[in-house]
Amino acid sequence: MSLNQDEILILEKVIKLTALKQKPEFVKTQDVLNIYQQMVKQVSLLIEVRDEENFSQPSNRLDKTMSDVFSLLSLFFLRIGKTRECPATYCQIASIRQLLDHMNESSSFTESDLKPFRARLNELREIVQHDRASGLHPEAMTMLLERKLTACDAVLTQLHDSLSVLSEDLIPIHQRLVALRRQLVALAAKPKPSKTDLKPLLEELRLIDQKRDSGRFIGSGGALLPEPQPLVTGILEECFEIAQEVEAREKDVSFTLKPIYDRLMEIRGQLEGLVMTHRWTLRETDLWNYENALRDIDRMRVDGKFVDSEGNKPQGQYVLLYLLRRCYGLIYRLLSSSEPVSEELMPIANKLSTVKKCLNEVLKYGGPFSPRDLYPYQLALHQIDQMRKDGKFISAEDGSIPEGQGILMAHLNECHELLEMLKEAMSDDDDDDVEEDE
């Protein structure tokens, strides 16, 4: 869709706002809020110049640019600890939409796969509706997010409806085939897939295939099950295709797809590392580069397949799609686990978390221990207490009060309580020793 003159003016202003980049130092909350307000103003202008039909079906450069800027802004809201405000939901909604679209494309999902997305969308909708009712954020922003949520609901309903037509006899077969497909693509994604691991999976597929007669599955009573069956038979046939691809592979994916495979493996490894260490090392805006790289790779596909320079579809398609979807899933997991604590306070939060864990372990295993044993914990808590001014943790950059005060105070109080419990236990031990001496 081409841009009209009003949209061109909006696009020029939005492009100027793309100067928001990830910085090595702490990000100031006010800087993020200033750019956010300017972006909301452009959304309001866009609502005025577009009719409802064109606004709900974005397909031009302006929409893509605004989406990119809002995604980055959303990550910055997570980074400054404003995780319960509606701008922070934008990147999560976009991540859910990506995963749902890929699930719809692969037709490999079960009802249990859809339930977490439905629950998460409801949680995000509550945040948006709360901000709309309270007036915390402009109507233009909440309207944009509600449209995004409605679009996700539509895809989710479509996926649910495709499962609802399955008969009771087909449901367990379908669920098992989905599980087998995931095991097969995970096996195919290994640098050197083992034929030994493939054999039991292939044998189970053949057993399932034997339950068909003339292409239709047979029920427990021996009668042919009613239509529709394409969803189940499609996954079965796809499983055999993946198994054949694993058998045919000698060492790696096609030479022409090797650069994409290597890049996806690299991204997956880095994201899996962040999942393990995100509490200490992740800044939510770090995910921006990964999202961009995955989008670029996704756009290389033609009709859902990766092609070479001659337009052919080389071997290794399922491997790349598995890695791509795995990376999308890891990003969504990291976004969902973001804590409502500002980046500037995360070092304190991590230190308190470590102290609390250590104190719990000491309390769990008991003494005997001396005051000297508790000194390191007392010192650590004293140092954290000294960081407060008038009971608040203050930003060293601009004197502002970063997000996450309540969480830090709760952790700090809990640590002090644990320390007091240990002191009381130590005092009881001393009294017992005195009684024994007498």
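Student: Quick one to start: is Arg125 buried or exposed?

Tutor: Arg125 counts as buried, at 19% relative accessibility. Buried means under 20% relative accessible area, exposed means over 50%, and partly exposed is in between, using a 1.4 Å probe and protein chains only.

Student: And what kind of model is this?

Tutor: It's a predicted model, where local features need pLDDT of at least 70 and side-chain atom pairs count only at pLDDT 80 or more, while totals for chains, interfaces and linings use all residues. Residues are numbered from 1 along each chain as its sequence is written, and side-chain values use heavy atoms, with hydrogens and water left out.

Student: Back to Arg125, then. Which side chain does Arg125 meet in a salt bridge?

Tutor: Asp153, with an N to O distance of 2.3 Å. A salt bridge here is a side-chain nitrogen of Lys or Arg within 4 Å of a carboxyl oxygen of Asp or Glu. Asp153 sits in helix α7 and Arg125 in helix α6, 28 residues apart, and the pair links distant parts of the chain. Helices are DSSP runs (H or I, at least four residues), strands likewise (E, at least two), and both are numbered from the N terminus.

Student: Asp153, buried or exposed?

Tutor: Asp153 is buried, at 16% relative accessibility.

Student: How many salt bridges does the structure hold?

Tutor: The count is 21. One of them pairs Asp68 with Arg295, where the closest N and O atoms are 3.7 Å apart. That pair also links distant parts of the chain: Asp68 belongs to helix α4 (residues 61-79) and Arg295 to helix α12 (residues 287-298), 227 residues apart. Asp68 is partly exposed at 28%, whereas Arg295 is buried with a relative accessible area of 14%.

Student: Which residues are joined into one network?

Tutor: Glu105, Asp298, Arg301 and Arg325 are, through salt bridges that share partners.

Student: Changing topic: how many disulfides are there?

Tutor: Zero, counting a disulfide as a pair of cysteine sulfur atoms within 2.5 Å. As for individual cysteines, Cys91 is buried at 2% relative accessibility, and Cys327 is buried with a relative accessible area of 0%.

Student: Now helix packing. At what angle do α2 and α7 pack?

Tutor: Helix α2 (residues 29-49) and helix α7 (residues 139-164) pack at about 70°, with axes 8 Å apart. The axes are lines fitted to C-alpha atoms, for helices over the stretch in contact, and angles run from 0 to 180 degrees between N-to-C directions. That makes α2 roughly perpendicular to α7; the class covers 65 to 115 degrees, with under 35 roughly parallel, over 145 roughly antiparallel and the rest oblique.

Student: Which residues make the contact?

Tutor: From α2 there are Tyr36, Val40, Val43, Ser44 and Ile47, and from α7 there are Ala140, Met141 and Met143. Contact means heavy atoms within 4.5 Å. Seven of these residues are nonpolar, one is polar and none is charged. Nonpolar covers Ala, Val, Leu, Ile, Met, Phe, Trp, Tyr, Cys and Pro; charged covers Asp, Glu, Lys and Arg; the others, Gly among them, are polar.
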